[in-house]
Amino acid sequence: MKTRYTPLLKLKKNELDRCERELQKANQAVLSAASSLEEAYVLLETLQLPQKGTIKEMLSANSFITAQREVVEDKKSWVSFAKHQAEVAVLKLKTSNVEYEKFKYLDFEEIKKLIKLREIKESKDLDEIALMTYNKKEK
């Protein structure tokens, strides 16, 4: 049964679905960032300073380890950014869900009113038919 809230309800449902997709993408980004950070940590753990060799080799290895530490810090910031985006997506989803539920309730109440009005009209029509048949029997 269509009410004046039906188009708004459909719009809010589409918005809710969009927010759910955004949350899924944000959660996927968090997982991707976390796995990337884990890989960076594994690579950092495999690096070691050489025990023997020239100064040039030691400086080169040290700069490589420093660069990998910077990569780890970048990955950490990426993880925190992705987590923040996921939190924002959760808040949007909650807000969208509340809006959808509001319009769903309004639509339900409007349908109840329409059904009640229809039942009253049917009752009046039946009463009228009963009066007409009663009057015909009396004549």
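This is a predicted model: local features need pLDDT of at least 70, side-chain atom pairs count only at pLDDT 80 or more; totals for chains, interfaces and linings use all residues.

Tutor: Leu93 and Val72 have the most contacts inside the largest nonpolar core, a set of 20 residues. Helices H1 and H2 each supply at least two residues of this core, and H1 gives the most, with ten.

Student: Why is Ser36 called buried?

Tutor: The relative accessible area of Ser36 is 12%, and buried means under 20%. Ser36 therefore counts as buried. Ser36 lies in helix H1, which spans residues 6-46.

Student: What makes the pair Ser36 and Lys75 a polar contact?

Tutor: The side chains of Ser36 and Lys75 are joined at 2.8 Å, and the limit for a pair of N or O atoms is 3.5 Å. The pair is therefore within the limit for a polar contact. Ser36 also touches Trp78.

Student: Why does Thr46 count as exposed?

Tutor: Thr46 has 52% relative accessibility, and exposed means over 50%. Thr46 therefore counts as exposed. This residue is found in helix H1, and the side chain of Thr46 reaches the backbone oxygen of Leu43 at 2.6 Å.

Student: Why is Leu117 called exposed?

Tutor: Its relative accessible area is 55%, and the term requires over 50%; Leu117 is therefore exposed. Leu117 belongs to a nonpolar surface patch with Met1, Leu114, Ile115 and Ile120, and together they have about 440 Å² of accessible area.

Student: What makes Glu99 and Lys12 a salt bridge?

Tutor: Side chains of opposite charge can pair when their charged atoms come close. The closest N and O atoms of Glu99 and Lys12 are 3.9 Å apart, and the rule asks for a distance within 4 Å. The pair therefore qualifies as a salt bridge. Glu99 lies in helix H2 and Lys12 in helix H1, so the pair ties together parts that are 87 residues apart in sequence.

Student: How do you know that Lys12 is buried, whereas Glu99 is partly exposed?

Tutor: Lys12 has 16% relative accessibility, and under 20% means buried.

Student: Which residues are linked with Lys12 in a network of salt bridges?

Tutor: The network links Lys12 with Glu15, Glu99 and Lys102.

Definitions and conventions: Residues are numbered from 1 along each chain as its sequence is written. Side-chain values use heavy atoms; hydrogens and water are left out. Helices (H or I, at least four residues) and strands (E, at least two) are DSSP runs, numbered from the N terminus. Buried means under 20% relative accessible area, exposed over 50%, partly exposed in between (1.4 Å probe, protein chains only). A polar contact is a pair of N or O atoms within 3.5 Å; within protein, one must be able to donate a hydrogen and the other to accept it, and residues adjacent in sequence count only if both atoms are side-chain atoms. Contact means heavy atoms within 4.5 Å. Patches are made of residues with over 30% relative accessible area and no salt bridge: like charges are joined within 9 Å, nonpolar side chains (Val, Leu, Ile, Met, Phe, Trp, Tyr) within 5 Å. Accessible areas come from the Shrake-Rupley method with a 1.4 Å probe; for residues, only the protein chains shown count as cover. A salt bridge is a side-chain nitrogen of Lys or Arg within 4 Å of a carboxyl oxygen of Asp or Glu. A nonpolar core is a set of buried Ala, Val, Leu, Ile, Met, Phe, Trp, Tyr and Cys residues joined through side-chain atoms within 4.5 Å. Lists of a residue's contacts leave out its neighbours within four places in sequence.
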